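Here is a short briefing to read alongside the model. Have the sequence and the 3D view open as you go.

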Amino acid sequence: MGISLGLVGLGSFGSVFARLFKSHPLVDRIALCDAEVEKVRKFADLPEFQDKLNQKDVFFSLDDICQTDLDAIVIITQPWLHAPQCIQAMESGKHVYSAVPVITLPDFSEVLDWCGRVIDCVQRTGKQYMLGETTYYRPQTQFCRRQAAAGAFGDFVYAEGEYAHDVDSNCSLRQVNQMRQTGKIGEQYAALVEPYRRRGCKTSPMSYPTHSVSGPLSVMGAKPLRVSAGGYRNRNQDPFFRHYEFSNLVANYYLDNGAVLRIAEMREISDNIGLKDEDFRIFGTRGSYSCGNWCENGRLVPDGAKHPNTCRAVTNAEMYEPLPKEVASAFKYALNPAAKPEDDFQPSGHGGSHPYLVHEFCCAVAEQRMPAINAWDAACYMAMGAAAHESALRDGELLPVQDFGDAPSA
Ligand SMILES: NC(=O)c1ccc[n+]([C@@H]2O[C@H](COP(=O)([O-])OP(=O)(O)OC[C@H]3O[C@@H](n4cnc5c(N)ncnc54)[C@H](O)[C@@H]3O)[C@@H](O)[C@H]2O)c1
């Protein structure tokens, strides 16, 4: 028997996921929900949705979709809503998938409090939580996790990652904020944020650190212990940064595996730092990954011999793990309805991560197991951002990163 799931939030990003979740072979019933009627009807009226969508499963509020007997709910709503909505969904008996981050609020102590509450809810309800972090399934992350599992890096020495998203890049942050803060739900943001503004709370590029930290951490399987960070403050009175303490922030994390991880969260920067705007490089004593290249020195033991590096370019096709044939086939048409039978499946969406996120969540729900990027991983990412911001406020003081503990093993 398959699973049933509901999608809440069919705005810009949720719309990208609707066909993927609907077409996964494990899903045999889908429900749709958005507070704005036309966003739901855009999918609910499509002929290709009718085989899995009963019109009784069309909703316009989270409260109503939580009354159903669905197995799971996928929440892709505005970022200040995620954590309480996920908790409501889990308390109503549903497994939950959340768009990143866990929550965005201009007060890190509240963010960390919500992380703790999400973990507590997972433990209390026995329901699963997955954070839909795209970098976790980028091709380089999948490849490096396999290399790490095979021991090919040796000991980890150093890693660096970044999310370089300039305010005026192609995906303009000015427009994104404006769009998320309009409409039936979005326009409630002004009232929500007002008390924070009165208290003088400021936001930070480190309130959204999941893209930059998740790759290196998941590859190394390491935990952050301490951090020292420095911030750049906007200097030209750009109104976008009026409520930002820093527009760019760079942090050095000291990890429990002895490696140092440098993370850059940039919102006011010309061009990219790495190969892409969300990328990382990881270096070990024996092997390293950087900018689409794998290098290794073949040094297993110190034998006094010369061990020059050999490097090779790794293609995306080699980096991706294959998806089951029937899943790849279903996703091929979901991503490109005009695809022909002879066409190959091409993963797409944030480095091809979208189909992998959907597959992982559907499998975890069907197999009743903890998904990748669980509540503890998610809380760890947010704690890293909070500690870096605090360190930057204190001129780089070395500070501990809050430890939310480890997810229970299966
Ligand atoms: N790479 C990534 O992982 C990535 C990229 C883009 C966006 N995102 C995340 O996706 C999320 C959504 O972004 P977006 O641009 O699509 O936002 P959006 O404003 O376009 O869409 C959010 C939708 O949620 C709906 N909604 C909110 N609360 C609701 C409720 N209680 N009941 C019914 N509907 C409700 C709103 O009506 C709106 O249509 C954000 O949190 C963002 O952080 C992640």
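This is a predicted model: local features need pLDDT of at least 70, side-chain atom pairs count only at pLDDT 80 or more; totals for chains, interfaces and linings use all residues.

Residues are numbered from 1 along each chain as its sequence is written.

**Around the ligand**

- There are 29 residues around the ligand, and Gly9, Gly11, Phe13, Thr77 and Pro79 come nearest; a residue is near if its C-beta atom, placed from the backbone, lies within 6 Å.
- Two or more residues of this shell come from each of helix 1 (12–23), helix 7 (173–180) and helix 8 (183–186); helices (H or I, at least four residues) and strands (E, at least two) are DSSP runs, numbered from the N terminus.
- Helix 8 is the top contributor to the shell, with four residues.
- By residue type, the shell holds 13 nonpolar, eleven polar and five charged residues; Ala, Val, Leu, Ile, Met, Phe, Trp, Tyr, Cys and Pro count as nonpolar, Asp, Glu, Lys and Arg as charged, and the others, Gly among them, as polar.

- The chain is assigned domain 1 (3–133 + 324–367) and domain 2 (136–166 + 199–321 + 375–400), with bounds from an automatic or database domain assignment.
- Taken over C-alpha atoms, the centres of domain 1 and domain 2 are 27 Å apart.
- Their contact takes 22 residues from domain 1 and 23 residues from domain 2, counting C-beta atoms, placed from the backbone, within 7 Å.
- On the side of domain 1 that touches domain 2, helix 5 (108–125), strand 6 (129–131) and helix 13 (353–367) each give two or more residues.
- Helix 5 gives the most to that side, with seven residues.
- That side of domain 1 comprises 16 nonpolar, four polar and two charged residues.

Terms used. Two residues are in contact if their C-beta atoms, placed from the backbone, lie within 7 Å.
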